[in-house]
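I opened the model today to look up a few contacts and helices. These are my notes, kept in the order in which I looked.

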Amino acid sequence: MNTKAANSGSGQTQSGRPARLSLADWMPKIVMAPTVLVTLVCIYGYMIWTAVLSFTGSRMLPSYNFVGFEQYERLFNNDRWMVALSNLGIFGGLFIGICLFLGVTLAIFLDQKIRAEGAIRTIYLYPMAISFIVTGTAWKWLLNPTNGLEKMMIDFGFVNFKFDWLINPDMVIYCLVIAAVWQASGFVMALFLAGLRGVDGDLIKAAHLDGASTFTTYRRIILPSLKPVFFSALVVLSHIAIKSFDLVAALTNGGPGYASDLPANFMYTYTFTRSQIGLGSASAMVMLGCVLAILVPYLYSELRGKRHE
Amino acid sequence: MSNLNSTSKNAVGRKTSGLDKLLRVALYTVLIVVAAFYLMPFIVMLITSLKDVEEIRTGTLLSLPASLHFDSWSKAWSSACTGSSCGGISPYFMNSFQIVLPAVAISTLVGAINGYVISLWKFRGSDFFFAAMLVGCFIPFQVILLPMAQTLGWLGIANTTSGLVFVHVVYGVAFTTLFFRNFYQSIPGELVKAARLDGAGFFTIFYRIILPVSTPIIVVTVIWQFTQIWNDFLFGVAFSGFDTQPVTVALNNLVNTSFGGKEYNVDMAAAIIAALPTLAVYVFAGKYFVRGLTAGAVKG
């Protein structure tokens with residue numbers, strides 16, 4: 001920051017045309033330099049650093065005794081990691097699927113000249129403004145079997161109602177899905193609603209003149225034209241799913257046992273509390289791989305799309 | 001893109017028949033039930049925070065408190081135990097502000113200047129660099145946690161507020177640059193050329209021509225950064241010390257502190273307090289919040 005201020009000062013005070021011109025030519029590069037440097041070091045440099053660590057036997061402190069793929073072997077023989085990975089599959093799949101379905105449906109419903117649409121939209125979207133920690137805290141209370149939903153239903157007269165997902169190792173992952181859907185589905189709705197408002201009105205009128213029903217119009221004309229929205233929602237949601245760390249920390253803390261661990265929590269636990277830096281780094285690299293597997297095709301299609309325009 | 005407020009031109013208007021009326025009733029019912037689903041957790045939190053412990057034990061989630069108890073709120077604010085200390089979440093609430101305000105200001109300013117360069121002062125490699133930077137929006141931060149922890153230690157700012165500000169600026173600039181770049185993309189390059197011929201320099205043009213038209217994108221960026229950084233947990237838990245924790249970390253500690261009886265009313269009051277600043281932003285500037293969300297999602 002200081003260098004920028006100093007440079008701008010000299011740019012103003014130095015007189016003489018040639019100096020100023022050359023300074024103006026350099027200024028954009030000088031100004032960008034700190035960002036370039038920080039991006040290179042703190043994103044790409046650190047990525048490589050973590051990659052290197054994942055091939056070492058580092059435990060409590062980083063060390064550089066290389067052990068080849070041993071950490072990755074240990075990782076995929078680690079039961080806790082395999083649970084975390086399959087949890088990510090279940091959580092990610094359901095979270096993305098339900099959010100997309102709810103988002104599209106609600107957006108279409110809200111697009112029917114609804115009274116008080118603004119108010120309803122505000123209600124649907126407010127969870128996106130709060131932290132996953134707050135969301136986790138709220139749902140932990142709602143879903144706890146002794147005082148939460150279960151007790152409320154029993155008091156309402158459903159004496160045999162049972163809802164103990166939060167402490168049931170087989171079901172706890174679905175609690176994460178519920179809370180995450182609650183938080184993010186309104187956002188998907190907003191994306192699709194914006195998309196719906198951008199669809200060419202003439203196209204729809206033409207379809208109606210041809211006698212197409214509302215349902216057919218949506219299915220055959222409007223929704224297909226929202227493919228890009230669908231795509232970017234998919235990318236953002238899978239990104240949220242892979243990065244999910246806070247929600248698990250607040251709602252289940254990975255428990256019972258490690259039944260609701262996700263890769264992000266595994267990585268944190270092994271790197272920072274279990275002193276297994278090598279193993280933690282390997283798990284971080286696998287997470288990066290997952291993100292790239294989604295991101296690269298997305299960026300590729302984006303760039304290709306741009307070229308066609 | 002995010003023009004949510006335009007009147008719907010696509011909604012289907014037909015002559016109303018009995019069936020249509022029935023459908024509309026069903027439509028409204030669904031919308032209201034869903035609204036109840038979204039509202040319920042917050043209402044339950046609010047109700048619970050106003051009950052005393054005995055009422056929580058005997059009542060149900062939605063039963064209203066017999067009388068309003070604000071004790072849990074004052075306890076959450078100033079005397080609840082969060083892990084190691086028992087001073088409530090107020091010190092951490094202040095910590096969050098101390099982290100968020102400088103981090104938002106710096107990352108927005110840097111993003112504005114970067115966006116200005118990338119869209120109006122292109123140089124060889126600037127587009128390539130922009131693409132490389134976009135990747136920074138997507139990487140899972142687990143990949144950079146450990147090297148960053150080491151770096152903060154070397155710089156002597158581990159476990160400090162400045163350290164957290166630094167981290168948030170570093171990983172926030174990719175987003176702020178993206179926002180400003182997309183916004184400045186629509187400003188004609190001739191404007192800058194003409195101003196240069198008149199003898200205006202790099203910063204003069206930015207300050208006199210570009211900045212005055214930037215208010216909407218500044219608002220969007222500030223709101224986006226504020227919500228992101230306030231709600232952050234990962235960096236907070238990995239890089240903060242005992243007395244520099246942000247409010248999200250303190251809230252999580254408070255909820256998971258296990259000694260003594262569980263006081264759900266205090267938990268809920270603390271959770272609402274931790275959510276208030278971003279909720280306030282959402283309520284008062286929802287339009288800009290949504291614009292940031294959709295712009296962030298569309299990326300370029």
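I began with B:Leu251 and left out residues up to four places away in sequence; it touches A:Ile133 and A:Thr137 as well as B:Ile89, B:Ala270, B:Ala271 and B:Ala274, where contact between two residues requires C-beta atoms, placed from the backbone, within 7 Å. I note that this is a predicted model, in which local features need pLDDT of at least 70 and side-chain atom pairs count only at pLDDT 80 or more, while totals for chains, interfaces and linings use all residues. Residues are numbered from 1 along each chain as its sequence is written, and chains are lettered from A and ligands numbered from 1 in the order in which they are written.

Next I looked up the helix pair α12 (residues 247-256) and α13 (residues 264-284) of chain B, whose axes come within 10 Å and cross at roughly 170°; helices here are DSSP runs of H or I with at least four residues, numbered from the N terminus, and axes are lines fitted to C-alpha atoms over the stretch in contact, with angles from 0 to 180 degrees between N-to-C directions. That crossing makes α12(B) roughly antiparallel to α13(B), the word used for angles over 145 degrees. I found B:Val247, B:Thr248, B:Leu251, B:Leu254 and B:Val255 on the α12(B) side of the contact, and B:Asp267, B:Ala270, B:Ala271 and B:Ala274 on the α13(B) side.

Which residues have the most contacts inside the largest nonpolar core? I noted A:Phe192, B:Ile89, B:Leu251, B:Ala270 and B:Ala271, in a core of 181 residues. Such a core is a set of buried Ala, Val, Leu, Ile, Met, Phe, Trp, Tyr and Cys residues joined through C-beta atoms within 7 Å, and buried means that 20 or more other C-beta atoms lie within 10 Å of a residue's own. Helix α8 (residues 172-197) of chain A gives the most to this core, with 18 residues.

I then turned to the contact between the chains, which takes 78 residues from chain B and 89 residues from chain A. On the chain B side, helix α1 (residues 18-49) gives the most, with 11 residues.

In that same helix α1 of chain B I found B:Met40. Is B:Met40 buried or partly exposed? B:Met40 is partly exposed because 16 other C-beta atoms lie within 10 Å, a count between the limits of 12 or fewer for exposed and 20 or more for buried. Last, I noted that B:Met40 and B:Ser96 are 56 residues apart in sequence and 27 Å apart in space, C-alpha to C-alpha.

Key: Helix = DSSP H or I, 4+ residues; strand = E, 2+ residues; numbered from the N terminus. Parallel < 35°, antiparallel > 145°, perpendicular 65-115°, else oblique.
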